[in-house]
Amino acid sequence: MHRWGRSAVSASMAVAVGGLMVVCTSSAAEAAIACPSGYVCIYPDINYGGQPYVRRASDGSVSDLPDSIDDRGSSVINNSTRTARIYVSNGYSGRHVCVRSAIADLRSYDMNDRTRSLKINNDACG
Ligand SMILES: [Ca+2]
């Protein structure tokens with residue numbers, strides 16, 4: 001949980017509502033931190049919460065994701081024209097899920113907090 005330390009934006013939003021201690025719960029369809037066009041974003045919390053790991057799809061695959069998201073990813077947005085496969089092991093091995101657009105909760109794929117490598121392809125999912 002990083003809600004209080006997330007960013008200056010959160011702090012200013014709290015001020016904007018009159019200093020009330022309000023924790024906004026973002027809707028499932030809207031990322032608190034948006035995933036830019038052309039990027040694949042892996043979020044540490046479900047429903048696209050927390051500080052995402054972002055990867056420009058044209059920069060290609062990542063065989064060993066950094067510690068910040070290694071075994072921590074809980075939701076994914078693929079805002080690129082390519083396909084993104086997330087694997088439970090390094091080097092694109094083990095079980096994986098193919099992300100065409102977005103997955104709000106990796107628990108539904110038994111992949112929660114099991115994000116170790118990211119394969120970017122030009123093919124289709126499935
Ligand atoms: Ca997580």
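Two strands count as paired here if DSSP finds at least two bridges between them. Helices (H or I, at least four residues) and strands (E, at least two) are DSSP runs, numbered from the N terminus. What you're looking at is a predicted model, so local features need pLDDT of at least 70 and side-chain atom pairs count only at pLDDT 80 or more, while totals for chains, interfaces and linings use all residues. Residues are numbered from 1 along each chain as its sequence is written.

**View 1. The three-stranded sheet, β5-β4-β7.** These 3 strands form an open sheet in that order, with antiparallel pairing. β5 and β7 sit at the edges with a single partner strand each, so one side of each has no neighbour in the sheet.

**View 2. Zooming in on β4 and its partners.** Strand β4 (residues 83-89) is joined by 5 bridges to strand β7 (residues 117-121), and the two run antiparallel. Look for R85 here: its bridge partner in β7 is K119. Another 5 bridges join β4 to strand β5 (residues 93-99), again antiparallel, and in β5 the bridge partner of A84 is V99. The hairpin of β4 and β5 has 3 residues between the strands, and G91 takes a positive phi near 70° there.

**View 3. The four-stranded sheet, β2-β1-β3-β6.** Here 4 strands make up an open sheet in that order, and the pairing is antiparallel. Its edge strands are β2 (53-56) and β6 (102-103), each pairing on one side only. Between strand β3 (residues 75-78) and β6, which run antiparallel, there are 2 bridges; on the β6 side, A102 is the bridge partner of I77.

**View 4. R56 on strand β2.** R56 has its place in strand β2. Is this residue buried or exposed? R56 is exposed because it has 12 other C-beta atoms within 10 Å (the cut-offs are 20 or more for buried, 12 or fewer for exposed, partly exposed in between, with C-beta atoms placed from the backbone). Not counting residues up to four places away in sequence, R56 touches G38 and Y39; a contact means C-beta atoms, placed from the backbone, within 7 Å. G38 is 18 residues from R56 along the chain, yet their C-alpha atoms are separated by 6.0 Å.

**View 5. The largest nonpolar core.** A nonpolar core is a set of buried Ala, Val, Leu, Ile, Met, Phe, Trp, Tyr and Cys residues joined through C-beta atoms within 7 Å. The largest one has 22 residues, and C41, I42, V76, I77, A84 and I86 have the most contacts inside it. Elements giving two or more residues to this core are β1 (39-43), β3 and β4, and β1 gives the most, with 4 residues. Pick out I42: leaving aside neighbours within four places in sequence, I42 is in contact with P52, Y53, I69, G73, V76 and T115.

**View 6. Stepping back to the chain.** There's 1 helix and 7 strands, and along the sequence they follow the pattern α-β-β-β-β-β-β-β. Of the 126 residues in the chain, 29% are buried. Among contacts between residues at least 6 apart in sequence, 64% join residues at least 24 apart.

Note on methods. Two residues are in contact if their C-beta atoms, placed from the backbone, lie within 7 Å.
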